Amino acid sequence: MDEKYMELALELAQKAAGRTSPNPLVGAVIVKDNKIIGQGYHKKAGTPHAERIALLAAGEEAQDADLYVTLEPCNHFGRTPPCTEAIIAAKLKNVYVAALDPNPLVAGQGIIKLKNMGINVVTGIKEQEAKVLNEVFFKYITTRLPYVVVKSAASLDGKIATREGHSQWITGKEARSFGHQLRNMYDAIMVGIGTVSADDPQLTCRLENGKDPIRIIVDSKLSISPEAKVLNLNSTAPTIIATTKNASHENIQRLASKAEILEVNSGDRVDLNQLIKILGSKEITSILVEGGAALNGSLIEEKLVDKFHLFYAPLIIGGSSAPGFAGGLGPARLEDALKLKDVDIKNIGEDILVTAYPHYSEKV
């Protein structure tokens with residue numbers, strides 16, 4: 001039953017996916033005499049936390065009840081008051097926690113506070129599921145760097161376009177719909193100037209009630225056309241262009257009213273490590289990359305990718321000049337190739353989705 005209630009708390013937390021940044025996804029369920037008397041989830045940064053919503057629903061019945069929560073209750077004042085105070089005031093009997101909060105402001109202090117007040121605390125129920133649910137938050141809160149997810153669509157032989165650059169559409173409508181779900185989840189979407197020039201994408205979320213991600217264009221020479229769709233949208237999400245200090249002042253002035261221009265470094269190429277740090281300082285906690293071979297290859301080479309969503313369509317494109325998923329020089333020896341772990345494979349419509357995490361030998 002403990003796992004059943006925690007599963008419900010995890011399902012509640014997932015409802016706010018893409019809406020709580022930079023806060024975590026948290027769900028809470030209050031149970032008394034094997035009956036659910038209160039439940040809730042954190043909906044948006046600055047709004048009440050899951051525990052307080054569940055306690056409000058339970059009311060006075062919460063005394064001597066059990067709380068199931070997906071993340072350790074906070075014990076500090078942030079945008080909202082500490083949840084530990086509300087739990088103690090409600091006189092709960094047991095608190096079951098899926099995962100500890102790695103936030104240095106919490107980091108076990110919430111558990112200690114509850115135990116010191118005589119509340120029984122049990123941790124680790126559905127812990128792995130809770131960590132996956134908040135993989136973005138866990139990285140950002142400990143490093144202040146955004147979680148980088150590379151999504152790509154390719155043929156079975158790994159080609160992302162034909163030799164003439166034709167790529168729409170390699171995958172079917174179900175896979176494309178899943179892609180928009182990802183755009184709805186993550187804070188930002190990143191592409192290179194090659195993708196903008198070839199496809200002229202909007203980089204918006206087409207789901208009903210969907211949230212447009214912040215759009216990030218990597219453009220070393222600032223050669224993007226002012227007429228590009230991505231610069232002329234009716235969207236509340238801003239567009240950021242990452243360029244170098246070598247970009248002409250004329251181009252900067254011409255584009256300044258359409259996007260935020262980030263002059264990342266003085267070299268010929270945008271320093272992706274520096275860009276990721278700058279985006280993290282802007283409280284961008286997650287980035288979905290839908291770029292081409294050059295951007296994908298550079299991110300892999302710099303060990304900046306945290307997760308892959310790779311779609312494979314049932315077709316063969318062929319051709320030695322047709323681009324593959326990841327460009328760049330690549331390793332000379334097979335043992336130096338990037339290894340993947342925790343690989344999950346499923347069908348999305350007629351396509352195959354491979355979700356995996358990189359296994360860096362020396363993660364930097």
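In what order do the 5 strands of the open sheet with mixed pairing stand? The order is S2-S1-S3-S4-S5. This is a predicted model, in which local features need pLDDT of at least 70 and side-chain atom pairs count only at pLDDT 80 or more, while totals for chains, interfaces and linings use all residues. Residues are numbered from 1 along each chain as its sequence is written, and side-chain values use heavy atoms, with hydrogens and water left out. Helices (H or I, at least four residues) and strands (E, at least two) are DSSP runs numbered from the N terminus; two strands pair if DSSP finds at least two bridges between them.

- Strand S2 (35-41) and strand S5 (120-123) are the edge strands, each pairing on one side only.
- Strand S4 (residues 94-99) pairs with S5 in the parallel sense over 4 bridges, and Val 122 in S5 is the bridge partner of Tyr 96.
- Helix H1 (residues 2-14) lies across S1, S2, S3 and S4, at about 145 degrees to S1; contact means heavy atoms within 4.5 Å.

**The sheet of 9 strands**
- This open sheet has mixed pairing and the order S10-S9-S8-S7-S11-S6-S12-S14-S13.
- Strand S10 (260-265) and strand S13 (339-348) each have a single partner strand, so one side of each lacks a neighbour in the sheet.
- The twist averages 25 degrees from one strand to the next.
- Strand S6 (residues 147-155) and strand S12 (residues 307-313) pair in the parallel sense over 7 bridges.

Conventions: Axes are lines fitted to C-alpha atoms, for helices over the stretch in contact, and angles run from 0 to 180 degrees between N-to-C directions.
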